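Take a look at the model below.

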Amino acid sequence: MSYQEDERNYETPSMVTHVDPYVYATLQSVQGKDVVIETVRGSVRGRVKDVKIDHVVIAAKSSTFFVRIQQIVWIMPE
């Protein structure tokens, strides 16, 4: 088998992620509000700026945090 024939047998890489619809819906309900988010690495306190299917954007003072939804343990509105 030549290199070109072998190369055509590979599929294009694709991203696979698990979505937690309840956490996603909760984050959407508090968008624009101040929250405390506990992650497996500690807590983040700030305003929910944006919610994507796999992460949330938190603005805290002069920093912006991108937190993976899979790493969230709990969310508490302030």
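Begin with the contacts of T39. Beyond its neighbours up to four places away in sequence, T39 touches V67, Q71, I72 and V73. Keep in mind that this is a predicted model. T39 belongs to strand β1, which covers residues 34-39. Its relative accessibility is 11%, and buried means under 20%, so T39 counts as buried.

The side chain of T39 also has polar partners. It reaches the backbone nitrogen of R41 at 3.1 Å. A polar atom of the T39 side chain also lies 2.7 Å from the backbone oxygen of G42.

Now move to V73, one of the residues that T39 touches. V73 sits in strand β5, residues 72-77. Is V73 buried or exposed? Its relative accessible area is 52%, and the cut-off for exposed is over 50%, so V73 is exposed.

Next comes the inside. In soluble globular proteins, nonpolar side chains tend to be buried together. Here, the largest nonpolar core has 13 residues. Those that touch the most other members are L27, I37, V48, V56, I58 and I72. Two or more core residues come from each of α2 (21-29), β1, β2 (42-51) and β3 (55-60). Strand β2 gives the largest share, 3 residues.

Look at I58 within this core. Leaving aside neighbours within four places in sequence, I58 is in contact with residues including V35, I37, V44, V48, F65 and V67. V67 is a residue that T39 touches as well.

Note on methods: Residues are numbered from 1 along each chain as its sequence is written. This is a predicted model: local features need pLDDT of at least 70, side-chain atom pairs count only at pLDDT 80 or more; totals for chains, interfaces and linings use all residues. Side-chain values use heavy atoms; hydrogens and water are left out. Helices (H or I, at least four residues) and strands (E, at least two) are DSSP runs, numbered from the N terminus. Buried means under 20% relative accessible area, exposed over 50%, partly exposed in between (1.4 Å probe, protein chains only). A polar contact is a pair of N or O atoms within 3.5 Å; within protein, one must be able to donate a hydrogen and the other to accept it, and residues adjacent in sequence count only if both atoms are side-chain atoms. Contact means heavy atoms within 4.5 Å. A nonpolar core is a set of buried Ala, Val, Leu, Ile, Met, Phe, Trp, Tyr and Cys residues joined through side-chain atoms within 4.5 Å.
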